[in-house]
Amino acid sequence: MRQKTDYAIWIKGIVVQVGFVIAAIYIFYTSSSEWAVREHWGVLSTYTLLTIFSCFAPVRISNTILTVNNAVIFSGILLYGVWVGVWAAVIESLIIAFLVRFNPLKAIINIGQLLMTIWTVAFLKDWIESFGTVSPIISDLFLAVVYWFVNLTLCGLGISYFHQMTWARTVKMMAKGFTSTYLLLLILAGVGSRLVESYGPLTLIPMMIAFITISYVFHHYYDNLQRLQQKVEEVKSFNHNFLTTMAASIDARDRYTSGHSQRVAYWGREIARDIGLSERKVEDVYIGGILHDIGKIGIEDEILNKKGKLTPEEYDKIKQHTVIGYEIILQAGMFNELLPAIRSHHERIDGRGYPDGLAGDKIPLMARILAISDAFDAMVADRPYRKGLPVEEALQEIRRGSGTQFDPILAEHFIRIVQRLPYDELQSIIGIESIPQKQLQEAIR
């Protein structure tokens with residue numbers, strides 16, 4: 001697996017560091033002959049000024065600053081062809097080189113991906129025009145999407161190489177960040193190009209006003225959004241403190257199971273990761289593990305800390321902790337995503353669990369995960385009336401309960417997780433008594 005990864009990185013490096021550079025040189029060379037400054041000085045001067053303007057009038061979106069020069073380049077391609085797009089791209093690259101710390105290799109790679117985007121869009125534009133029957137509106141919209149897609153894909157390839165990330169993940173993150181605004185700017189550039197084509201260069205004035213207005217609106221919108229996010233973070237911080245306090249309260253009620261909630265949360269998180277859940281779902285499982293026994297707050301101390309065997313009546317009261325915890329969280333009006341973990345972690349696959357007698361897939365996934373980690377910790381932990389089982393014996397019990405008490409697929413994942421761990425690390429986890437507040441808050445963020 002490691003060799004395949006190294007090979008993929010090597011191939012990506014060849015494409016980015018050699019392919020992009022060769023493409024940049026070739027496209028620059030073939031298009032430079034068309035610049036003909038004496039014949040096209042008006043066009044080149046106009047696009048030089050537009051490029052300078054666009055570099056210093058960016059559009060702010062969320063945590064990203066998006067220049068509008070791609071819109072300028074796109075309009076140049078639509079009106080005049082590849083050579084104007086290349087000219088604007090070169091001017092932009094020179095400006096950026098002076099404004100930021102200059103890295104020659106990264107600069108030429110960046111311009112290479114941009115020139116390949118320009119060449120692709122110009123080639124498709126000429127190909128579409130050769131049919132002579134395609135509506136300019138449809139053509140411009142199609143080319144705007146092509147420009148966005150090609151630029152995003154090539155730019156993502158370069159970034160993924162330099163930052164050692166997967167190409168797909170990089171492209172996905174970039175697309176998620178500014179797709180709609182990027183396309184909006186390109187579509188406006190297409191509209192502006194057609195206005196210039198029909199009514200002359202003076203129509204650039206209202207288009208520039210439109211871009212400035214968009215920049216202003218987005219700036220204030222994302223300023224307000226940032227303030228809202230700050231408030232959300234404050235609420236999250238309060239929630240994290242609340243969770244920490246609840247976890248401490250749970251352990252304080254039952255001195256014989258100190259650290260149980262943290263260990264259940266830990267094993268639940270490992271199972272969730274092993275089966276490929278998203279990071280958000282993994283966090284939900286972890287927090288669900290922290291609070292899965294919150295209902296024990298409503299159980300009498302005499303029952304909760306009884307050293308001997310519970311009577312059937314006392315056991316029935318203990319079983320009520322799932323419903324009590326469910327009602328506590330439900331009445332709190334927050335953490336609703338944790339309700340399945342709290343209410344259903346004692347349900348069984350064969351339907352003989354409690355409180356609702358759910359069976360199979362009707363038991364929420366989070367509850368099926370925590371049922372295994374809860375049972376395992378209960379088996380390996382010491383009690384005042386018995387010694388904890390050895391890990392291998394506890395795993396044998398998990399195997400025996402697979403398909404009846406536990407989800408068989410999740411049980412296999414859990415067994416592999418435990419067996420992969422070195423002995424010392426496993427014993428350290430089993431011996432966890434508590435997690436410091438700061439570490440707990442970091443884990444559930």
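The model is predicted, so local features require pLDDT of at least 70 and side-chain atom pairs count only at pLDDT 80 or more, whereas totals for chains, interfaces and linings use all residues. Residues are numbered from 1 along each chain as its sequence is written, and side-chain values use heavy atoms, with hydrogens and water left out.

The protein chain contains 19 helices and two strands, taken as DSSP runs (helices H or I, at least four residues; strands E, at least two) and numbered from the N terminus. Of its 445 residues, 46% are buried, where buried denotes under 20% relative accessible area, exposed over 50%, and partly exposed in between (1.4 Å probe, protein chains only). Among contacts (heavy atoms within 4.5 Å) with a separation of 6 or more, 68% join residues 24 or more positions apart. The accessible surface is about 23900 Å², and carbon and sulfur atoms hold 62% of that surface; areas were computed by the Shrake-Rupley method with a 1.4 Å probe, only the protein chains shown counting as cover for residues.

A nonpolar surface patch is formed by W119, F123, W127, F131, V134, I137 and I138, with about 790 Å² of accessible area together. Patch residues have over 30% relative accessible area and no salt bridge; nonpolar side chains (Val, Leu, Ile, Met, Phe, Trp, Tyr) are joined within 5 Å, and like charges within 9 Å. Helices α5 (104-129) and α6 (136-162) each supply at least two residues, and α5 gives the most, with three. W119 lies in α5 and is partly exposed because its relative accessibility is 42%.

Helix α6 has 27 residues and reaches 39 Å between its first and last C-alpha atoms, close to the 39 Å expected at 1.5 Å a residue; the expected span is 1.5 Å times one less than the number of residues. Just after α6, Q164 adopts a positive phi of about 55 degrees. In helix α7 (residues 167-199), T170 is buried at 3% relative accessibility. A polar atom of the T170 side chain lies 2.9 Å from the backbone oxygen of T166. Beyond its neighbours within four places in sequence, T170 contacts G156, I159, S160 and M165.

Helix α17 (residues 408-420) should span 18 Å, and its end C-alpha atoms are 19 Å apart, which agrees. Its buried residues are L410, A411, H413, F414, I415, I417 and V418, and they pack against α9 (260-274), α15 (365-380), α16 (391-401) and α18 (423-430).

The structure holds 20 salt bridges, each a side-chain nitrogen of Lys or Arg within 4 Å of a carboxyl oxygen of Asp or Glu. In α5, K125 and E129 lie four residues apart, about one turn of the helix, and their closest N and O atoms are 3.2 Å apart. K125 is buried at 9% relative accessible area, whereas E129 is partly exposed at 45%. The corresponding atoms of D284 and R280 are 3.1 Å apart, and both residues lie in helix α10 (residues 279-291). D284 is buried at 7% relative accessibility, while R280 is partly exposed at 43%.

Notes
A polar contact is a pair of N or O atoms within 3.5 Å; within protein, one must be able to donate a hydrogen and the other to accept it, and residues adjacent in sequence count only if both atoms are side-chain atoms.
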